Structures are given as C-alpha cells and as structure tokens.
Amino acid sequence: MRELLAPHKIDAISAGEMGLSEPEETGTTFRENARIKAEAAAKASGLPAFADDSGLAVDALDGAPGIHSARWAGSDKNFRRAMETVEEKLRERGATNPAQRGAHFVSALCIAWPDGHLEEFEGRVDGKIVWPPRGDKGFGYDPIFLPNGHGRTFGEMPGEEKHGLPPKGKGLSHRARAFLKLAEACLA
C-alpha cells in the first residue's frame, strides 16, 4: 500500500507501527472487514485511516476461501497448505478441468476519517485456478491464480507487472484496480 500511495506524496504509517490493536474482523464481506479496520484505526489514531481486505474466491467452492483466505493458511501463514486445501476441495467436487476452476481475487479498500466519513472502493480480477502452483513471486494464492487473458500466474509475474499503475504498469491486480478507483475519487 505504501508503494501505491507514494506517487501521491502520502507517507503511510501502519497501525502496527503506531501500536494500535487489530480489531476483530467480524464482517461477512471484504468491504465490511476493510471498513471495520479503517474505522478502528481512525478512531484510535485521530487520523484518516486506510485499510484493505482481500482474498481469493473460487466459484466451484461457493466463493471460498473468500473472507477466510488468510485463515486457510493458519496462524503460521502456510499458504502452500492453503493452496493444497483449495486443490483438494476442487478435486472433491470434481472440478478438474479449466472450465470448472473459475476464481477471482477481490480487494476492498476503505478510507475512514475520524469524523466518521468513509470512502470505499473494490477491485476484482477474474481468472482460473491452476495446479501445480507456478512461480515464486507475490504471496498467498498467487502461484495458483491465472488471470484471464494471461499465460502466467500471479506467482510468475513481477510485482511491477502485477501491481504497477499506469503509465509503468497496467493495474492488473485486484489491489491496483481498487486503488485506481480510490485515487480517481480521492487523490486526483
């Protein structure tokens, strides 16, 4: 997020760096969880706060892991295990060919001001789940996500290609797409 904000001359300080406690994410959507985090940080700091909630939604798994994407990796953040779980569940449901393996990444961004004003934005990128995982760039589920129209997974793409904003990049990732909407509305 710092990289996305830097061209706009905005210095970001994380809630952790400020010693703020992390609120419990009790929302049922990415948008609700981003709002919970942004509002808590704005209230605790007295400053505008920017938060994101994002994850992978697999069509054949009824949108799972969804808002639980990080939880599937466990407390040790073992995303290899999380990717294996996605693959196991797809096979259990008979989703073995590409047409049955549709998925999308979602990123919800929220800016909250201490006075209660909110701005919310969402970005999405559609693709398919591939197996075995390909690439070691990025993080999380990137090595099993093949965005539509591309021959490489997010795990095979350098960060500049995936997250880079115009004019250098194409704003391909879900975070970049959500941030472009935020920048147009709030930073132009």
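**Entry 1: the model**

I am working from a predicted model. I kept that in mind for every value below.

**Entry 2: the second largest pocket**

I looked up the second largest pocket and found about 490 Å³ of space in it. I then asked which elements give two or more residues to its lining. They are α1 (2–5), α4 (159–163) and α5 (174–187). Helix α5 gives the most, with 4 residues.

I counted 18 lining residues. Those nearest the centre of the pocket are Glu 3, Leu 4, His 163, Gly 164 and Leu 165. By class, I noted 9 nonpolar, 4 polar and 5 charged residues in the lining.

**Entry 3: a nonpolar patch**

Ile 13, Met 18 and Leu 47 make a nonpolar patch of about 280 Å². I placed Met 18 in the loop between α1 and α2 (30–45).

**Entry 4: salt bridges**

I searched the whole structure and got 15 salt bridges.

I started with Glu 25 and Lys 37, whose side chains form a salt bridge at 3.5 Å, N to O. Glu 25 is in the loop between α1 and α2, while Lys 37 is in helix α2. The two residues are 12 apart, and the pair links distant parts of the chain. I checked the cover on Lys 37. Its relative accessible area is 18%, so Lys 37 counts as buried.

I went on to Arg 31 and Glu 120. Their closest N and O atoms are 3.9 Å apart, and the pair forms a salt bridge. Here the link runs from helix α2, which holds Arg 31, to strand β3 (residues 118–129), which holds Glu 120. They are 89 residues apart. Arg 31 is partly exposed at 31% relative accessibility. Glu 120 is also partly exposed, at 23%.

What network includes this pair? I found Arg 31, Arg 35, Glu 120 and Glu 122 linked by salt bridges.

Asp 62 sits in the loop between β1 (49–58) and α3 (79–92), and Arg 93 in the loop between α3 and β2 (102–112), so the bridge ties together parts 31 residues apart in sequence. I noted Asp 62 as exposed, at 68% relative accessibility. Arg 93 is partly exposed, with a relative accessible area of 49%.

**Entry 5: contacts across the sequence**

I looked up Ser 173, which is in the loop between α4 and α5. Ser 173 is buried, as its relative accessible area is 0%. The C-alpha atom of Ser 173 is 8.1 Å from that of Phe 105. Along the chain these two are 68 residues apart.

Lys 89 is partly exposed, with a relative accessible area of 34%. From Lys 89 to Leu 61, I read 7.3 Å in space, C-alpha to C-alpha, and 28 residues in sequence.

**Entry 6: backbone geometry**

I turned to peptide bonds and phi angles. Most residues other than glycine have a negative phi, and most peptide bonds are trans. I listed exceptions to both.

Where are the cis peptide bonds I noted? One joins Ala 64 and Pro 65, with omega about 0 degrees. Pro 65 belongs to the loop between β1 and α3. Another joins Trp 131 and Pro 132, with omega about 5 degrees. Pro 132 lies in the loop between β3 and β4 (145–147).

I came back to Asp 62 for its phi, which is near 55 degrees, a positive value in a residue other than glycine. Lys 77 likewise has a positive phi near 55 degrees. I placed Lys 77 in the loop between β1 and α3, the loop that also holds Asp 62. Lys 77 counts as exposed, because its relative accessibility is 52%.

How values were computed. Residues are numbered from 1 along each chain as its sequence is written. This is a predicted model: local features need pLDDT of at least 70, side-chain atom pairs count only at pLDDT 80 or more; totals for chains, interfaces and linings use all residues. Side-chain values use heavy atoms; hydrogens and water are left out. On a 1 Å grid over the protein atoms alone, a cavity is a set of points where a 1.4 Å probe fits but cannot get out, and a pocket is an open set with protein on both sides within 12 Å along at least five of seven lines; lining residues have an atom within 4 Å of a point. Grid points are joined across faces, edges and corners, and a volume is the space filled by probe spheres set on the points. Ala, Val, Leu, Ile, Met, Phe, Trp, Tyr, Cys and Pro count as nonpolar, Asp, Glu, Lys and Arg as charged, and the others, Gly among them, as polar. Patches are made of residues with over 30% relative accessible area and no salt bridge: like charges are joined within 9 Å, nonpolar side chains (Val, Leu, Ile, Met, Phe, Trp, Tyr) within 5 Å. Accessible areas come from the Shrake-Rupley method with a 1.4 Å probe; for residues, only the protein chains shown count as cover. A salt bridge is a side-chain nitrogen of Lys or Arg within 4 Å of a carboxyl oxygen of Asp or Glu. Buried means under 20% relative accessible area, exposed over 50%, partly exposed in between (1.4 Å probe, protein chains only).
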